[in-house]
Amino acid sequence: MTLTVASIEGRRLDHFIGGRRTAPHSGQYLQSFDPTTGAPWYEAADGDAADIDAAVRVAQAASMDPAWRRITQTDRGRLVRRLAELVAREADALALMEMRDNGKLLREMQAQLKAMPDAYHYFAGMADKLQGDTIPVNKLDMLNFTLREPIGVVGMITPWNSPLMLLTGTLAPCLAIGNTVVIKPSEHTSASTLALAELVKEAGFPDGVVNVVTGHGRTAGEALTRHPGVAKIVFTGSTATGRRIAANAAGNLVPCQMELGGKSPHVVFDDVDLDRAVNGVMAGVFAAGGQTCIAGSRCFVEAGIYDTFVERLVDRARRVRIGHPAQEDTELGPLALAAQLEKVETYVGYGVADGATIATGGRRPQDGELAAGWYYEPTVLVDAKNDMRFMRDEIFGPVVGVMPFRGEDELIRLANDTRYGLAAGIWTRDIDRAMRFARNVDAGTVWINTYRSAAFMSPSGGFKESGYGRRGGFEVMREFSRLKNVVVDYSGATQDPFVIRLR
Ligand code: NAD
């Protein structure tokens with residue numbers, strides 16, 4: 001892998017199209033910033049519609065090329081496993097690159113990268129298990145069966161918060177199934193996806209199977225979602241962008257998979273071990289600086305323990321160690337973008353204006369080096385209500401609103417009072433109650449006595465405005481293949497051309 005933090009510092013990175021670095025058609029590059037200092041540290045090609053067109057054409061050609069189309073399933077799986085080994089070899093370098101781009105804790109990015117090869121191995125195993133059915137029909141001497149085939153060119157648009165991890169859940173199965181791909185990573189985190197493309201080449205995939213066009217959403221991203229050569233769009237990002245992309249894709253009647261935003265309820269009943277529940281709520285919203293789609297940003301606490309719980313949560317939040325993301329003991333790093341920091345401040349301001357109270361946080365740390373970066377204190381807002389703006393909209397930062405509830409009926413009403421439906425968590429020792437909650441809450445994933453416990457073997461995705469389609473588990477085999485029905489008449493009989501035989 002030639003792209004590493006040291007090798008790209010201060011450099012210009014080109015697209016990766018057809019197995020080669022390709023300069024942008026426009027000659028323009030965009031800057032990528034280091035969130036700990038706010039300073040630019042490399043530039044990436046600022047792609048446009050011409051670059052997207054070139055990449056989609058190359059991907060279309062690769063999907064028809066016998067080098068990819070006629071490869072056996074076993075060999076396809078072998079290539080994906082080889083990629084897994086290369087990701088394992090480069091895990092530390094890739095983690096460092098992502099930390100430098102999005103400011104997330106090095107420990108967190110390392111954990112993601114170390115787990116990633118297992119995901120590639122898991123999806124590689126699907127390559128030779130994609131099978132159709134034989135359908136018993138009411139006709140003698142007829143064979144009726146289904147085939148599962150690759151779809152063609154899949155366009156993938158990814159966000160900045162966990163670039164490679166969020167890509168893996170769709171890229172790995174797409175490759176195992178035999179699709180080709182054009183990826184448009186976030187303009188804030190181009191480097192690791194370009195580095196991965198180099199590993200794809202090193203693994204031995206034919207050129208053109210995986211292509212990366214960097215650039216802004218409104219230019220490169222938009223062009224990808226409108227390109228008639230794309231057979232499916234996979235999008236991970238905000239609900240507003242998802243809505244726009246789905247409309248573009250509809251113009252070409254192209255299906256989408258949408259992994260969008262969330263405003264997830266995180267519930268604490270009065271029968272819990274308080275320390276466990278406080279840690280769970282902390283992990284749910286302050287880990288990753290709250291920059292996760294599944295953040296448990298609306299916390300509902302049973303009225304009887306509300307005051308005690310808030311006291312413990314605030315006490316623990318005040319002790320969070322804010323610092324440089326590469327430091328071993330840092331618990332909260334900076335936000336990834338200056339605009340993200342401003343958004344967090346704006347929404348905390350809305351919270352106060354709408355009647356909530358800041359119990360802790362609500363400020364940028366002022367001491368030493370932290371003042372220069374995009375840092376924000378973990379923030380707990382109490383006296384929260386669902387109709388406040390900071391409780392309705394996704395903030396994507398270390399901010400939680402806490403409110404009391406009385407009884408399960410009120411809880412379900414409050415938990416579901418959101419336009420999102422991505423995830424939900426509940427802490428209780430009463431399994432009956434937990435199961436009732438799991439059945440009644442509108443969320444694609446429900447965690448009981450745990451939170452943010454994700455696995456590539458399980459299907460994840462949202463309801464309502466959190467999106468549609470699933471990634472993870474066997475569901476992806478359906479998502480990234482198309483189903484064909486084949487009917488064979490082996491009777492040898494010549495039929496009257498104007499009579500349709502129903503039996
Ligand atoms: P975003 O929507 O601003 O951008 C995501 C990607 O879309 C970027 O690559 C961007 O360049 C591109 N884009 C922007 N406008 C576009 C357009 N008009 N056409 C095509 N592409 C366009 O989101 P973000 O700020 O990068 O990421 C944060 C959001 O992602 C949050 O809302 C978060 O909840 C969501 N997210 C969801 C999941 C999930 O699995 N559900 C996971 C991570 C992040």
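Colleague: Where does Gln291 lie?

Modeller: In this predicted model, Gln291 lies in the loop that runs between helix 11 (274-286) and strand 13 (298-302).

Colleague: And is Gln291 buried or exposed?

Modeller: Gln291 counts as buried, because its relative accessibility is 1% and the cut-off for buried is under 20%.

Colleague: What does the side chain of Gln291 reach?

Modeller: The side chain of Gln291 comes to 2.9 Å from the backbone nitrogen of Ala336. If neighbours within four places in sequence are left aside, the residues in contact with Gln291 are Lys104, Trp160, Asn161, Pro334, Leu335, Ala336, Gln340 and Phe396.

Colleague: Changing topic, what does the domain assignment of the chain give?

Modeller: The assignment gives domain 1, which takes in 15-260 + 466-485, and domain 2, which covers 265-448. Their contact takes 20 residues from domain 1 and 27 residues from domain 2, while the centres of domain 1 and domain 2, taken over C-alpha atoms, are separated by 31 Å.

Colleague: What area is buried between domain 1 and domain 2?

Modeller: About 1900 Å² is buried between domain 1 and domain 2, and carbon and sulfur atoms give 61% of that area. On the side of domain 1, Thr36, Trp160 and Ser466 supply 29% of the area buried against domain 2, which is more than any other three residues.

Colleague: Which helix gives the most to the side of domain 1 that touches domain 2?

Modeller: Helix 6 gives the most, with three residues; helix 5 (91-102) and helix 6 (106-124) each supply at least two residues of that side. The residues on the side of domain 1 that touches domain 2 divide into seven nonpolar, nine polar and four charged.

Colleague: One more residue: where is Gln495 found?

Modeller: Gln495 is found in the segment that comes after strand 22 (481-489), and, with a relative accessible area of 40%, Gln495 is partly exposed. The side chain of Gln495 makes a polar contact with the side chain of Asp489, at 3.3 Å.

Colleague: How far apart are Gln495 and Tyr347 in space?

Modeller: From C-alpha to C-alpha, Gln495 and Tyr347 are 72 Å apart in space, and in sequence they are 148 residues apart.

Technical notes. Residues numbered from 1 in each chain as written. Predicted model: local features only at pLDDT ≥ 70, side-chain atom pairs only at ≥ 80, totals over all residues. Heavy atoms only, no water. Helix = DSSP H or I, 4+ residues; strand = E, 2+ residues; numbered from the N terminus. Buried < 20%, exposed > 50% of the residue type's maximum accessible area, 1.4 Å probe, protein only. Polar contact = N/O pair within 3.5 Å; in protein donor to acceptor, adjacent residues only side chain to side chain. Contact = heavy atoms within 4.5 Å. Domains from an automatic or database assignment. Buried area = accessible area lost by both parts, 1.4 Å probe. Nonpolar A, V, L, I, M, F, W, Y, C, P; charged D, E, K, R; others polar.
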